[in-house]
Amino acid sequence: MQIIPAAIDGVLLIVPDRHPDARGFFSETYREAWLGARGVDCRLVQDNHSLSRDAGVVRGLHFQIPPAAQAKLVRVTAGAIFDVAVDLRRNSPSFGRHVATRLSAAEWNQIFIPEGFAHGFCVLEPDTQVLYKTSDYYSAAHERGLLWNDPTLAIQWPVGDAEAILSDKDRRHPSFAELPAFFE
């Protein structure tokens, strides 16, 4: 198991070990103690699974506000994504900055994103499946979003505005400048 701190404090890039044999492989993809050994005190309580049929699908940028804020552990089981986490913690030295990484089934990598971040991804391959664990349950009352292509964020998405496939809801999220201070 490799756990590598990302450029923003609290975000971790994770590569679980795979143990191959003639049948295929076995991999332990999550163990609470791994994160705990790196100072992460986080209980993950819900699993989510998304399938995106087409490359160019953009999901996000999503987050939940306190008291239902969510940390996420994200991995890809089929295909590949360009994954993004934007720091929304007002008192953080990296406030407004982002981490972007490629996650894929082939690379078998993951990203841990703490509470206080907006999260989203762009699908790079057809029929991509993303699984992510969250530290709190989904709550519609606490669900929020951030405009995926806000130029202030300077995210180098692998898809242009015209080619991106988004939900109507994701097209209407506020800009970074319009967000209240949800995470002090």
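This is a predicted model: local features need pLDDT of at least 70, side-chain atom pairs count only at pLDDT 80 or more; totals for chains, interfaces and linings use all residues.
Residues are numbered from 1 along each chain as its sequence is written. Local features need pLDDT of at least 70, side-chain atom pairs count only at pLDDT 80 or more, and totals for chains, interfaces and linings use all residues, while side-chain values use heavy atoms, with hydrogens and water left out.

Side chains of opposite charge can pair when their charged atoms come close. A salt bridge is defined here as a side-chain nitrogen of Lys or Arg within 4 Å of a carboxyl oxygen of Asp or Glu. The count by this rule is 8 salt bridges.

One of these joins D21 to R23, with an N to O distance of 2.4 Å. Accessibility is given as relative accessible area (buried under 20%, exposed over 50%, partly exposed in between; 1.4 Å probe, protein chains only). D21 is partly exposed at 38%. R23 is exposed at 78%.

A salt bridge also forms between D47 and K133, at 3.1 Å from N to O. This pair links distant parts of the chain, 86 residues apart. D47 lies in strand 5 (residues 46-52) and K133 in strand 12 (residues 128-134). Strands are DSSP runs of E, at least two residues, numbered from the N terminus. D47 is exposed at 54%, and K133 is partly exposed at 23%.

R53 and D127 pair at 3.4 Å, N to O. They too link distant parts of the chain, 74 residues apart. R53 sits in the loop between strand 5 and strand 6 (58-64), and D127 in the loop between strand 11 (117-123) and strand 12. R53 is exposed at 55%; D127 is partly exposed at 38%.

Key. Helices (H or I, at least four residues) and strands (E, at least two) are DSSP runs, numbered from the N terminus.
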